[in-house]
Amino acid sequence: MIVFVLRRFAGFAATLLVASLVIFYLLDLLPGDPAQFILGINATPESVARLREQMGLNVPAPERFLSWIWGMVQGDFGMSYTQRAPVSQLIWDRLGVTIPLSLSAMGLSMLVGLPMGILAARKRGKAPDTAIMVLAQTGIAVPSFWFGMLLVLLFAVHLRWLPPGGFTPWHENAGAAFRSLILPSLALALPQASILARVMRTALVDVTEQDFIRTARAKGLTMGEAVWRHGVRNALLPVLTILGLQFAFLIAGTIIVENVFYLPGLGKLLYTAILERDLILVRGGTIILIIAVTLTMLLTDLAYGLVDPRLREGSSA
């Protein structure tokens, strides 16, 4: 197990290094001068040159990349060009919205998708199975931002149960902050719950046709007991894969939903930074998203090792 974990951590570190290199140079190749953008089209060449020097843009790209990496290792992501504040502080302030939003959406998708998938597998070929699969296909096809606008029309405009957008800070009113995240969480959770339901159904149907399920039935267990005691655990590997990918998607997908609901999260911050050509802020926010995605995949791999010991044996061979 130790070898298995060390190999996964090595892959995690290598992925972060390559992703950092790609992000830095891709953003560096974008057309336009950040200093010129900040000062405006009427700025003199001398003032633009001075600002470029203050921002460190005159330093060669390899040196700037190494300086950026070393700063991130120390927790220093640099200073925002436009907001004149530490990038790490700006990101930290916004994670208080993005992380609860992603976690609540993931929780909702699991709470709805997994039981629906199990029920569809148990009622395979019957009306509940067909109904669940039709709903799941519809949920996958519906874009999150469009579903979010429908939720606003229903629950905010017509029923007036929930706020249509905006966010109350947690330290001011935790209840109001929670209410602000309900509709965007539902909008993010719908397609993910639909995917989970389909994957869980397929995996469980495959498992129920295995010999060990027939053996459990022969020992006197009902199909429901055999599924719950033996089938669900063995169907978890493909589900874990989807859960890891989904959480990564949810973190990245908050960019659109946060703009729809006017939430001051990391997605909204990155969107504004892109519009303002604040490259240092875009780099910092993007690398945080990549860290979250790769860390999620790392935890998924480790969960594989716990669920299926064969993977640990293969890694140490």
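The model is predicted, with local features needing pLDDT of at least 70 and side-chain atom pairs counting only at pLDDT 80 or more, while totals for chains, interfaces and linings use all residues. Residues are numbered from 1 along each chain as its sequence is written, and side-chain values use heavy atoms, leaving out hydrogens and water.

Let's start with the second largest pocket, which has a volume of about 300 Å³. A pocket here is an open set of points on a 1 Å grid over the protein atoms alone, where a 1.4 Å probe fits, with protein on both sides within 12 Å along at least five of seven lines; lining residues have an atom within 4 Å of a point. Of its 15 lining residues, Val112, Ala189, Leu190, Ala193 and Ser194 are the closest to the centre. Helix 8 gives the most to this lining, with six residues (helices are DSSP runs of H or I, at least four residues, numbered from the N terminus). By class, the lining has 14 nonpolar residues, one polar and no charged ones (Ala, Val, Leu, Ile, Met, Phe, Trp, Tyr, Cys and Pro count as nonpolar, Asp, Glu, Lys and Arg as charged, the others, Gly among them, as polar).

Now for the loops. Asp278 sits between helix 12 (266-275) and helix 13 (279-307), and is buried at 0% relative accessible area (buried is under 20%, exposed over 50%, with a 1.4 Å probe and protein chains only). Arg160, in the loop between helix 7 and helix 8, is exposed at 70%, and its phi is near 60°. Tyr262, in the loop between helix 11 (236-260) and helix 12, has a phi near 55°. Most residues other than glycine have a negative phi.

Key:
Points joined across faces, edges and corners; volume = space filled by probe spheres on them. Helix = DSSP H or I, 4+ residues; strand = E, 2+ residues; numbered from the N terminus.
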